[in-house]
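Have the viewer open as you read.

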Amino acid sequence: MEMGRVASSPETEAGILNEGATGYLTINLLALARNYAKLCALVAPAQTAAVVKADAYGLGALRLAPTLYKAGCRHFFVAQFDEAVKLRPVLAADAKIFVLNGLQPGNEEACAAREIIPILNSLEQWRRWLATAKRWKRTLPAVVQLDTGMSRPGVPPEERSALASELAGQGNIEILFIMSHLASADEFGSDQNDDQLAEMKRISEEFAGLDICFANSGGIFLGKPYHGALARPGIALYGGGPMAGEPSPMEAVVRMDVAVVQTRTVPAGAKIGYGGAHIADKETRVATIAAGYADGLPRSLSGRGAVYYKGTRLPIVGRVSMDSITLDITALPKGTLTLGSLVEVLGPHQTIEDVARDAGTISYEILTNLGDRYHRQYR
Ligand SMILES: *Cc1c(COP(=O)(O)O)cnc(C)c1O
């Protein structure tokens, strides 16, 4: 006899597989591909890479990177060598994988053997990669990063001329790009953008003939002068806004639905949640949903954020717990939400930018903290 499937429910009809999970992330790979195409159109004729570090900002690099490859992407940036190692088998050989954090000591042979391309962030890293190429008697690819005013990894200005003279006349390293990173690209009109662009122009003269890789998501929206030969967006691919505090011009990629685990009516004066931080001022209907700060919904949403049910805003009351959040659902007709009903945390009524604003953080932090307790589906 065949095992019976769980009976159909509104949620399964809406396309969510309800197999006992209480939190669902639905990741829209078509939206991802459309976001990539939109960014490509903005930067053309420059090329567009994809930053897929931190598991593609929490959404699943092993699923998202092949989608981006199919959409035409051939340059992939991760932060760490281990991330590159995991990504290598899911991408064809013509996909280039770059490690932003640079070349760690002892990592040279493994990088070369696995065709992973380090970002060389210092003279020391440059020299070690050059020595590796000589040892291997072959040409190795690299990207050299220069600091243009962020004091993060990259060759500092005072070592630039030494680097330029070491680069000249060597044949062992193929420099694919000269790279730098913008500190304030999400602030349209920040002087720091102009300053870094001016510094990048000087660099491109000092390293004439080499291609530039400069713009992150925000940099793309700052305009043509920032685009160089290869742009490196991350957050915009995943639907995040490139400009802080502005609605995102990108399409949402992730939807989050979370199940109700309890509904009840509490009298005026009832304390709700840890610390009794919320006291009901009147008879209130509340629902507890099965996601909390362990699922990446920051504790700073306590008493501030909301979720939605078919467009109705349901405020978070009391503190966000590790595994649950309590909502005031008085705005909904009695009986609308029952055990197992799904509410929208991210979706058509609430973006990652909205949640980030309510939590006092940025969409990057919301995405990268989502965690692994959700039932994930990719479509
Ligand atoms: C994370 C990162 C990016 C991507 O930035 P977004 O703002 O997400 O587009 C680009 N370059 C470097 C060096 C990074 O660390």
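Which residues does tyrosine 238 touch, not counting those up to four places away in sequence? Tyrosine 238 touches Leu32, Asn35, Val51, Val52, Ala56, Tyr57, Leu59, Leu64, Val253, Ile352 and Leu367, where contact means heavy atoms within 4.5 Å.

A quick note before going on: this is a predicted model, with local features needing pLDDT of at least 70 and side-chain atom pairs counting only at pLDDT 80 or more, while totals for chains, interfaces and linings use all residues. Residues are numbered from 1 along each chain as its sequence is written, and side-chain values use heavy atoms, with hydrogens and water left out.

Now zoom out. The chain splits into domain 1 (29–238) and domain 2 (254–378), with bounds from an automatic or database domain assignment. Their centres, taken over C-alpha atoms, are 38 Å apart, and 10 residues of domain 1 are in contact with 9 residues of domain 2.

Tyr238 also turns up, with Val52, Phe76 and Phe77, among the residues touching the most other members of the largest nonpolar core, which has 115 residues. Such a core is a set of buried Ala, Val, Leu, Ile, Met, Phe, Trp, Tyr and Cys residues joined through side-chain atoms within 4.5 Å, and buried means under 20% relative accessible area (1.4 Å probe, protein chains only).

Finally, the ligand. It has 14 residues around it, the closest being Lys53, Tyr57, Ser217, Gly234 and Tyr364; the cut-off is a heavy atom within 4 Å. A polar side-chain atom of lysine 53 sits 2.6 Å from a ligand oxygen, inside the 3.5 Å limit for a polar contact between N or O atoms.

Key: Polar contact = N/O pair within 3.5 Å; in protein donor to acceptor, adjacent residues only side chain to side chain. Buried < 20%, exposed > 50% of the residue type's maximum accessible area, 1.4 Å probe, protein only.
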